[in-house]
Each structure stands twice: as structure tokens, then as C-alpha cells.
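Here is a short report for a reader who is new to this structure. Please look over the sequence and the model first.

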Amino acid sequence: MSTDKVLFDRVSKIFPVRVTRRSQAGAVTALDRVTLGVRDGEFLVVVGPSGCGKSTLLDLLGGLSKPSGGQVLVDGEPVVGPGLDRGIVFQQYALLPWRTAAGNVAFGLEAKGVPRAERADLVAYHLELVGLSGFADRHPHELSGGMKQRVAIARSLAYDPDILLMDEPFAALDAQTRDSLQDELVRIWQATGKTIVFITHGIDEAVHLGQRVAVMTSRPGRIKQVIDIDLGDRAVEDVRSTDAFRHHRHQIWTLLRDEVRAAQSAERPPAAAPAPGRPRRWARPGGSAAGRIAGTGSDGGRTPAVRDADADRAAPAAARHEEARVG
Ligand SMILES: Nc1ncnc2c1ncn2[C@@H]1O[C@H](COP(=O)(O)OP(=O)(O)OP(=O)(O)O)[C@@H](O)[C@H]1O
């Protein structure tokens, strides 16, 4: 029997595709026999090119959808639906706008039937944990993006799930807020001992957060390799500039490079012979979704098509420059 907290056991997911004017009915294989274990108390990051099935993997673990093949096990039991043993934090905060920060954190506790006095203690404790003690009475529209995401994290932690599932939770935030929330998340993880499964496009984010990083192939998603991250002392002031950090960043970037290219070419229209004298009209690689996301388009992700031009999203380009410098 598996000793993993979570086990994706040869999990496949096939989505039916409806008929449109441009396409026939068919199917998209999002995941193809993915096998991946997550240990109890582990911080596991999943990284991969756009459309490789990362969110699909998390949805399956969250019980939001069912596998087409294989099974997802938590503590050896198949996942059959959502449950309070798994808390999910999405990119968009999904807070209830009519409730205060405290009211949002209390939400899951109410669903769980926690008595009022105990609830108030738990809300106060978790708002403190995410550094929002002074903002309990604020409504979401009165909070910054980073604060809203802190509330969402506090809400998910408050009902004490065993596993925290995080689907690009910091992607919509500015670089400084993201950096500080990453640090906070590591602190919270160390304080709570939760098992965390974290999805990201960012190589830097993956190296910074993960004890292990699972790199996925382009669609249909499979696990290409799982990397152990050893940054030595994470408490050093600027961990991102250490040799260990650079080594892991390069390792992951190398694994991702071919997958991003494959994802980009899958997005291009089929090769029709161009009419004489007419240029080919390919989708510009740097402007494709895959190029946008991973910042590895032919122009190195420098075009305005880069959805978020901060250092983390541009990490593959940075890694390439680093490689050129080192090599
Ligand atoms: N409900 C659905 N119906 C049909 N196809 C779907 C559905 N959900 C996802 N897909 C397809 O499955 C594949 C994987 O999607 P998924 O969202 O899991 O990828 P991802 O790696 O999270 O992408 P991104 O990084 O861009 O968010 C994609 O090709 C997507 O178009």
C-alpha cells in the first residue's frame, strides 16, 4: 500500500470537444496516465507549459472533476468529490464581497458547524497568521490584491484541511507582493505542517517554494521529471541569488524548454502550402499562449504579448541569459 498522502495513480483525463463551425466533435486528452505521489507535510510544486493539464490535475485532487482513467487517492482512499480535508486557493480570490475579511474566514467554519466562540478564536488566529489582524472588519473591495489573497489563504487554512491546493494563487499580483507572499507561505507551511500542492508557471516561484518540483510535459500532460530542491539555508537574505537557486532554475528551465516549444507548435495552424509570392501567416511564436505564459517566445518574451513582464514570469528568458553568461 502507498505511504503517500496523495497519489495520482495512472490518472488520465479526456475532455469531450463539442462541434463548432471550425472543428468536428472530438476529444482533448489533457492528462495521460499521470503517476505522482505527494508526501505527508510536503510542499510540492507542479510546473509546466500552458495547457499541459496543471489545473486539471488540481481539480481532480480537489474532487471538482473525475478522472477518465486511473484514480486519485488521498490517504489511500479514492477522491470522490470535494471535501473539507482539502482547501483550495485559486488565482482569483473568490471572496464573498458582502462579507468582511473575518466573515470570509469564518465561512468554512460555519459550514463545518464550529461553535461561535471557537470560530471567533480561529478567525482571529488565522488573520494574525497571514498578517491581517488589523483588517478583520474590511470588505474585499477595501483590500489590496495581496490582502485579498491572504484572506483566501486564511479562509482555506481556518477549517484545518490536511492538504492545501493552490492554483497559481499569486499570478495576478505585482512582483513585490508576490515575493512577500511567497515568503509568508513558506513560513505558514513551516508553522502548520500542511501538505501543499502548488501550481505555477514561474520557474523562480517553483524553486523558491518547492521541496520538490514536478515538471510536466506539453499536452497530453505527463510527469517529465520530479526534482528535489535543495537550497541549503532558506533563511539567507537573498536566496534567489544563491548558486543553488540558479542551479535548480537552470535544471527546470532545461526540462521545460522543449515542452514549451512543443506546446507552441501545437497551437499553430496546420502547415498549408503558402500561395506563391504570399508570406506564411503563422501565429507569431512570442504571441502564442504558450510563449506568453512561459516567456520563451522567439523574441525571448519581450513583446507586449508577455502577460506579466516581471522577473518571475520572464524566468525562462532570464535563465537563458544566465546560461549564455555562464556558458
Ligand atoms: N472543460 C474542458 N473542456 C474541454 N477542454 C478542456 C476543459 N478544461 C480543460 N480543457 C483542456 O485541457 C487542457 C489542459 O487544461 P488545463 O487548464 O488543465 O491546463 P493548464 O496547464 O492549467 O493551463 P494554463 O497553464 O494555461 O492555465 C487544455 O488543452 C484545455 O483546453
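Predicted model: local features only at pLDDT ≥ 70, side-chain atom pairs only at ≥ 80, totals over all residues.

Which residues of α4 are buried? They are Lys-148, Gln-149, Arg-150, Val-151, Ala-152, Ile-153, Ala-154, Arg-155, Ser-156, Leu-157 and Ala-158. Because 11 of the 14 residues of α4 are buried, the helix is largely enclosed by the rest of the structure.

Helix α4 covers residues 145-158. From its first C-alpha to its last, α4 reaches 20 Å. That is close to the 20 Å expected at 1.5 Å a residue. After α4 comes Asp-160, with a positive phi near 55°.

Helix α5 has 18 residues. Its first and last C-alpha atoms span 25 Å, close to the 26 Å expected at 1.5 Å a residue.

In α5, the residues Arg-178, Leu-181, Gln-182, Leu-185 and Ile-188 are buried. They cover an arc of only 130° around the axis, so they lie on the same side of α5. On the other side of α5, Gln-176, Gln-190 and Ala-191 are exposed.

What covers the buried residues of α5? The cover includes α3, α4 and α6 (203-209). Gly-193 follows α5, and its phi is positive, near 70°.

## The chain as a whole

The protein chain holds nine helices and 10 strands. It has 327 residues, and 41% of them count as buried.

Now take the contacts between residues at least 6 apart in sequence. Of these, 67% join residues at least 24 apart.

## Around the ligand

The shell around the ligand has 15 residues. Which of them come nearest? They are Phe-15, Ala-30, Ser-50, Ser-55 and Thr-56.

Three elements each supply at least two residues of this shell: β1 (6-17), β2 (26-38) and α1 (54-62). The largest share comes from α1, with three residues. By class, the shell has six nonpolar, seven polar and two charged residues.

## Arg-99 in its loop

Where is Arg-99? It sits in the loop between β6 (86-89) and α2 (101-111).

Is Arg-99 buried, exposed or in between? Arg-99 has 16 other C-beta atoms within 10 Å.

Leave aside the neighbours within four places in sequence, and Arg-99 is in contact with Asn-104 and Phe-107. Gly-131 is 32 residues from Arg-99 along the chain. The C-alpha atoms of Arg-99 and Gly-131 are separated by 19 Å.

## The β9–β10 hairpin

Strand β9 covers residues 212-216, and strand β10 covers residues 223-228. The two strands run antiparallel, joined by five bridges. A hairpin of six residues connects β9 to β10.

What stands opposite Arg-212? The residue is Asp-228, in β10. In a regular strand, side chains alternate between the two faces of the sheet.

Note on methods: Residues numbered from 1 in each chain as written. Near = placed C-beta within 6 Å. Helix = DSSP H or I, 4+ residues; strand = E, 2+ residues; numbered from the N terminus. Nonpolar A, V, L, I, M, F, W, Y, C, P; charged D, E, K, R; others polar. Buried ≥ 20, exposed ≤ 12 C-beta atoms within 10 Å, placed from the backbone. Contact = placed C-beta atoms within 7 Å. Expected span 1.5 Å × (residues − 1). Arc of directions from axis to C-beta. Pairing = 2+ DSSP bridges.
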